[in-house]
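This report describes a single protein chain. Please look over the sequence and the model before reading on.

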Amino acid sequence: MEESLYTAHSWSRPAHHPWCLGPRVLRVLGPRPQMHVTNLTESQTDCKAVEGTVNRIVLRLEAGSDEDCWDVRVRLKCKSSKKPLSSESANDGMLEGGLIDVEPYRMPTFVHKSADPTIQIVTEIGVALPVGWEPRKDVGADESHDVTTPLSLHLRAGKSLLFPLDVFCPLDQSFTSSENDASTCSTSYEAIIMYRQVRAGKGTNQSEEPGDQVLVMQSGSIEWISPFTAEFSQTNGSKNPFPCGIQHPSNTTSQSSIEPPSVGGTELVAAYGEHVQMRCSLEAKGIGSNIAASILRVTNENEMNKVQKDLYSSDSGLFMNQKKLGSKLSLSYSVSTRRDVESGNGHETIPLGIISINWKPVSLRLPDNLALSDTKDEFGFTHGPLGLPNLSPMIFYGPQCRVLPSPFTAKLLKCPSIPKVGAPFCISYQVTNGTAKSQMLILCLNDVHNGDPGTQSSPQLLGTGKLKEEMQMAPFEEKTFSFTFMSMVAGKVLRPPLTVSSGRHQTWVINETLICPHLFVMP
């Protein structure tokens with residue numbers, strides 16, 4: 001054994017080692033790498049990455065104190081999979097551990113900056129990369145891939161360098177995707193760092209000392225998350241008191257106890273031409289202790305009116321603390337269910353809003369003493385999700401609504417906002433027959449307490465008018481129903497609900513029993 005010009009033989013022994021124990025046995029090991037690799041990003045992101053932008057993982061490579069590292073190179077191995085949805089059964093694509101393959105258009109890809117900053121590349125499997133980025137060539141799925149990328153010609157003993165590893169995963173923009181049914185995509189990777197190990201101080205250039213080829217493997221995993229979550233709800237509630245006679249099981253007069261479908265239910269229905277008031281609450285997901293992204297602009301893509309199309313803009317002067325985890329941005333908008341349901345192709349289903357979000361990732365800053373000074377891009381001081389410009393907007397589809405043709409149109413024509421005690425006031429409704437057939441309507445103004453028509457048991461509100469009536473409507477005829485009331489008390493008063501049903505279709509045209517119509521009466 002030769003070690004720094006010192007020769008030892010097997011019979012060399014310390015003074016306390018007796019001869020009777022025989023010679024010492026020396027085990028000669030092969031070359032061992034002393035380089036230490038640290039993932040600086042993992043602890044700050046909780047192993048999470050944001051879809052739709054490039055995410056940077058920074059590895060610190062520190063040479064051992066007794067070695068010089070020459071010709072440092074790297075190659076990568078990676079594999080992506082996702083957890084199946086509860087509705088998905090086992091199939092041929094099922095992987096070990098109950099995972100399934102990722103769709104090709106959503107496959108995560110390791111990338112690096114392109115020499116042409118204006119080029120946009122679409123990979124062979126159909127993944128559109130951000131402008132100015134291209135796939136790495138040193139990535140493979142097994143040992144047969146031997147392409148490597150040089151990192152450093154010479155890394156001296158005890159010195160370190162930072163190696164940025166960039167990866168991209170497209171947003172899931174499928175029409176059926178939502179926060180409840182979205183499956184989690186994950187990527188496991190292995191960075192294999194190879195170099196020629198030379199004893200410290202033995203060589204001053206690449207050819208003086210042959211050294212030994214060694215390698216270090218650094219493994220990691222990434223869980224992909226979308227930048228935002230969205231929750232949709234109806235502003236005016238799921239119970240529509242003016243169903244306009246649509247033919248649906250929830251609107252039949254014989255099954256009045258059936259609850260109408262809501263946003264969270266299996267099916268939401270609306271009459272053709274109805275205006276549905278919606279609310280969308282957006283919340284940025286967290287990556288470590290920070291938010292993943294901030295909102296620049298929100299638009300409703302199925303709104304034709306350009307003025308009402310924009311729902312939010314970061315430069316509009318509206319106050320919102322987007323930097324705080326848990327902050328929500330709630331936006332209200334109206335959807336007109338006007339679709340070509342009379343084309344003979346059957347009923348149509350539309351989303352109640354197509355919310356498009358222009359966004360910007362929130363990057364994590366590296367400590368000043370660890371900045372990537374040798375990186376040739378503008379992200380040398382950051383890691384995690386990179387704040388790339390002009391990213392693809394994130395799309396959320398509102399709940400699916402089945403649009404049904406309505407034989408009638410109905411609306412509340414007149415109702416005082418604040419009536420006064422002892423002063424008569426009028427409430428009017430308007431119903432229009434939208435068909436070429438004569439229709440029979442059954443009108444009933446119910447008592448607020450016992451539901452018996454024709455009686456008024458409550459002394460709080462006195463009313464006049466036809467409390468129960470059957471009438472005929474000619475084709476395309478329009479009728480107005482008026483009732484006069486007078487309140488005897490001040491405060492919140494429940495007024496009698498009106499019901500109007502169609503004798504031909506056995507459906508509700510107006511059904512105010514689904515809600516609690518109140519009046520606020522001034523003294």
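What percentage of the 523 residues of the chain count as buried?

## Overall composition

Of the 523 residues, 42% count as buried, where buried means under 20% relative accessible area, exposed means over 50%, and partly exposed lies in between (1.4 Å probe, protein chains only). This is a predicted model, in which local features need pLDDT of at least 70, side-chain atom pairs count only at pLDDT 80 or more, and totals for chains, interfaces and linings use all residues. Residues are numbered from 1 along each chain as its sequence is written, and side-chain values use heavy atoms, with hydrogens and water left out.

The chain contains 2 helices and 37 strands; these are DSSP runs numbered from the N terminus, with helices being H or I of at least four residues and strands being E of at least two. Among contacts with a separation of 6 or more, 74% come from residues 24 or more positions apart, a contact being heavy atoms within 4.5 Å.

## A four-stranded sheet

Strands β20, β19, β23 and β26 form an open sheet of 4 strands in the order β20-β19-β23-β26, with antiparallel pairing; two strands pair if DSSP finds at least two bridges between them. The edges are taken by β20 (310–313) and β26 (394–397), each of which has a single partner strand, so one side of each is left without a neighbour in the sheet. From one strand to the next the twist averages 25°, with axes fitted as lines to C-alpha atoms (for helices over the stretch in contact) and angles running from 0 to 180 degrees between N-to-C directions.

Strand β19 (residues 293–300) runs antiparallel to strand β23 (residues 354–361), and 7 bridges join them. The bridge partner of I295 in β23 is W359.

## The largest nonpolar core

The largest nonpolar core has 42 residues. Such a core is a set of buried Ala, Val, Leu, Ile, Met, Phe, Trp, Tyr and Cys residues joined through side-chain atoms within 4.5 Å. F228, L282, I355, I357, W359 and F396 have the most contacts inside the core. Two or more residues each come from β14 (228–234), β15 (268–271), β16 (275–284), β19, β20, β21 (328–336), β23 and β26, and β16 gives the most, with 5 residues.

## Aromatic pairs

The whole structure holds 4 aromatic pairs, counted where ring centres of Phe, Tyr and Trp (its six-membered ring) lie within 6.5 Å; planes under 30 degrees apart are stacked, over 60 edge-to-face, and the rest tilted. One of them, Y429 with F483, is edge-to-face, at 6.4 Å centre to centre and 70° between the planes. Y429 lies in strand β29 (residues 425–433) and F483 in strand β33 (residues 478–487), so the pair ties together parts that are 54 residues apart in sequence. Y429 is buried, at 2% relative accessible area, and F483 is buried, at 2%.

## Positive phi values

Most residues other than glycine have a negative phi. C47 has a positive phi of about 60° and sits in the loop between α1 (42–45) and β4 (48–50). C47 is partly exposed, with a relative accessible area of 27%.

Q506 also has a positive phi, near 55°, and lies in the loop between β35 (498–502) and β36 (507–511). At 45% relative accessibility, Q506 counts as partly exposed.
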